[in-house]
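Student: I am new to this structure. Could you take me through it in short questions and answers?

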Amino acid sequence: MFDLVPFDSRSGGVFDYFDRMLNNSFFSGYDAECAPCRADILDQGDKFVLKADMPGFRKEDIKVDVSGDMLTLSAERKEETNGEKKNFIRRERKYGTLSRSFDIQGIDAEKISAAYQDGVLTLDLPKIVETKPSSRKIEIQ
């Protein structure tokens, strides 16, 4: 039975504990509740494309909110409760929330679209088209 339980393979030296303390994981355990979503932002000329890794979430658990010039991605992973007790030997799958905000100045917020596939949230963020005032000739009377 003991071979089913994974063990911590870190060396456990004094300096490792100090490093973890500096990385702020010493006080919060080895892992965060949910890792923050990592994002790539691509400039495709007329729009930006934001791709955020959100593995393990269902589409229904993800929210995309726009408030002013701020876009916020948030997701919540809820604990599965079926009313039945399970005999876990070890439980490493965490439940919790994550949230990340982006400044969207210069983005047409009304035309933002989103898709979620294979754990990646993709947002199309169209740029605001700058309108140049038309020039006209004014006759002098």
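Student: Leaving aside neighbours within four places in sequence, which residues is Arg-100 in contact with?
Tutor: This is a predicted model: local features need pLDDT of at least 70, side-chain atom pairs count only at pLDDT 80 or more, and totals for chains, interfaces and linings use all residues. Residues are numbered from 1 along each chain as its sequence is written, and side-chain values use heavy atoms, with hydrogens and water left out. Contact means heavy atoms within 4.5 Å. With neighbours within four places set aside, Arg-100 is in contact with Cys-37, Arg-38, Ala-39, Leu-71, Thr-72 and Leu-73.

Student: How far is the backbone oxygen of Cys-37 from a polar atom of the Arg-100 side chain?
Tutor: Cys-37 is among the contacts of Arg-100. The backbone oxygen of Cys-37 and a polar atom of the Arg-100 side chain are separated by 2.8 Å.

Student: Is Arg-100 buried, exposed or partly exposed?
Tutor: Arg-100 lies in strand β5. Strands are DSSP runs (E, at least two residues) and helices are runs of H or I (at least four), numbered from the N terminus. Buried means under 20% relative accessible area, exposed over 50%, and partly exposed in between (1.4 Å probe, protein chains only). Arg-100 has a relative accessible area of 32%, so it is partly exposed.

Student: Why does Asp-61 count as buried?
Tutor: Asp-61 lies in the loop between β2 (47–53) and β3 (62–67). Beyond four places in sequence, Asp-61 touches Ser-74, Ala-75 and Glu-76. Asp-61 counts as buried because its relative accessibility is 18%.

Student: How many Å separate the C-alpha atoms of Thr-97 and Asp-61?
Tutor: Thr-97 lies in strand β5, residues 96–103. Thr-97 is exposed, with a relative accessible area of 51%. Thr-97 and Asp-61 are 36 residues apart along the chain, and their C-alpha atoms are separated by 9.7 Å.

Student: Which residues touch the most other members of the largest nonpolar core?
Tutor: A nonpolar core is a set of buried Ala, Val, Leu, Ile, Met, Phe, Trp, Tyr and Cys residues joined through side-chain atoms within 4.5 Å. The largest has 16 residues, and those touching the most other members are Leu-50, Met-54, Leu-73 and Leu-123. At least two residues of this core come from each of β2, β4, β5 and β7 (120–126).

Student: Which residue lies over the face of Phe-57?
Tutor: A charge sits over a ring if NZ of Lys or CZ of Arg is within 6 Å of the ring centre and within 35 degrees of the ring normal. Over the face of Phe-48, at 4.6 Å from the ring centre, lies Lys-127. Over the face of Phe-57, at 4.2 Å from the ring centre, lies Arg-77.

Student: What is phi of Asp-118 near?
Tutor: Asp-118 is in the loop between β6 (113–117) and β7. Asp-118 counts as exposed because its relative accessibility is 72%. Its phi is positive in a residue other than glycine, near 55 degrees.

Definitions and conventions. A polar contact is a pair of N or O atoms within 3.5 Å; within protein, one must be able to donate a hydrogen and the other to accept it, and residues adjacent in sequence count only if both atoms are side-chain atoms.
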